[in-house]
Amino acid sequence: MALVGESGSGKSTLARLICRFYDPQSGRVCIDGNDLKDLDLKSMRDHIGVVSQEPLLFDESIAENIARGKAGPVPATMEEIEAAAKAANAYNFIQTFPDKFETKVGARGSKLSGGQKQRVAIARALIRKPSVLILDEATSALDAHSEKVVQAAIDDLVGKGGSVSGAGITTIIIAHRLSTVKNADRIVVLCARDGTTSTANGSTIVEIGSHDQLLAKEGGLYKALVGGAH
């Protein structure tokens, strides 16, 4: 599922509600029909992976950064680390480094390019074998080439790239760049409730459908957003 809308329409707020960084003032947030408030917080978060626009990498090796994503007391094995890297489309570039998975990434990942950092962050999220994966503007800070490479990994995760690496993972994509969301099974379009760019009065869902379904809707907000992106 992809969440789209103008800045401030509530996309990242929904992601934070799913992670229970805060709770709704009214209504419920449910996973498989279970209210998140009724679930053990740590156990629930162990099943959620998050990749943000600016992922934080630690000043240690690529392998150690990926391994940090595994939940539970049992350390990640090298086989698990490599499998996560392959699923995130990171394995090949890692192999080009002299020290491969033992390559030090530098403070905040400074020795890696933007696209490389994002793929390591995706691998770190995948190694925990999440039931829910949230990609919050995961490609918005990348150049065109890096975005294309990271997008290939995302397409694999949602089963659109000929791979089944993401089978069983509910993937929620938050993006401004509509090229990032067009392959989603369902796109949810958010808008400020009063039609402005301010969400002081809350936001609401105005459209739901696939990319093709929403483009076919005359006068639709998604179609207008796509037109503005071009």
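Contact here means heavy atoms within 4.5 Å, and angles run from 0 to 180 degrees between N-to-C directions. The model on screen is predicted.

**Stop 1: helix H6 over the sheet**

Select helix H6, residues 114-126. H6 lies across strands S4 and S5, and runs at about 175° to S4.

**Stop 2: the sheet**

Now select the strands. An open sheet is formed by six of them, in the order S4-S5-S6-S1-S7-S8, with mixed pairing. S4 and S8 (203-209) are the edge strands, each pairing on one side only. On average, neighbouring strands of this sheet are turned by 20° against each other, direction ignored.

Look next at the pair S5 and S6, residues 132-136 and 170-174. Five bridges join S5 and S6, and the sense is parallel. To find one of the partners, pick Ile-134, then go to Ile-172 in S6, its bridge partner.

**Stop 3: helix H1**

Select residues 11-18, which make up H1. This helix lies across S1, S4, S5, S6 and S7, and runs at about 150° to S6.

Which residues of H1 are buried? They are Lys-11, Ala-15, Leu-17 and Ile-18. Turn the view to look down the axis of H1: the buried residues fall within an arc of 160°, so they line one face of the helix.

To see what covers the buried residues of H1, show strand S1 (2-4), helix H2 (41-46) and strand S4 (48-51), which are included in the cover. Strands S5, S6 and S7 (187-192) are also among the covering elements.

Step just past the end of H1 to Arg-20, which takes a positive phi of about 60°.

**Stop 4: the cavity**

Keep Arg-20 selected, as it belongs to the lining of the largest cavity. Leu-17, Asp-23, Pro-24, Val-29, Asp-35, Leu-36 and Lys-37 also line this cavity. The space in the largest cavity is about 30 Å³. How many cavities of 30 Å³ or more does a search of the whole structure find? The search finds one.

**Stop 5**

Finish at the largest pocket, which holds about 1,300 Å³ of space. It is lined by 42 residues, and those closest to its centre are Leu-14, Leu-17, Ile-18, Arg-28 and Val-29. Select H1, strand S2 (30-31), H2, S6, S7 and S8: each supplies at least two residues of the pocket lining.

Methods: Residues are numbered from 1 along each chain as its sequence is written. This is a predicted model: local features need pLDDT of at least 70, side-chain atom pairs count only at pLDDT 80 or more; totals for chains, interfaces and linings use all residues. Side-chain values use heavy atoms; hydrogens and water are left out. Buried means under 20% relative accessible area, exposed over 50%, partly exposed in between (1.4 Å probe, protein chains only). Helices (H or I, at least four residues) and strands (E, at least two) are DSSP runs, numbered from the N terminus. The arc is that of the directions from the helix axis to the C-beta atoms. Two strands pair if DSSP finds at least two bridges between them. On a 1 Å grid over the protein atoms alone, a cavity is a set of points where a 1.4 Å probe fits but cannot get out, and a pocket is an open set with protein on both sides within 12 Å along at least five of seven lines; lining residues have an atom within 4 Å of a point. Grid points are joined across faces, edges and corners, and a volume is the space filled by probe spheres set on the points.
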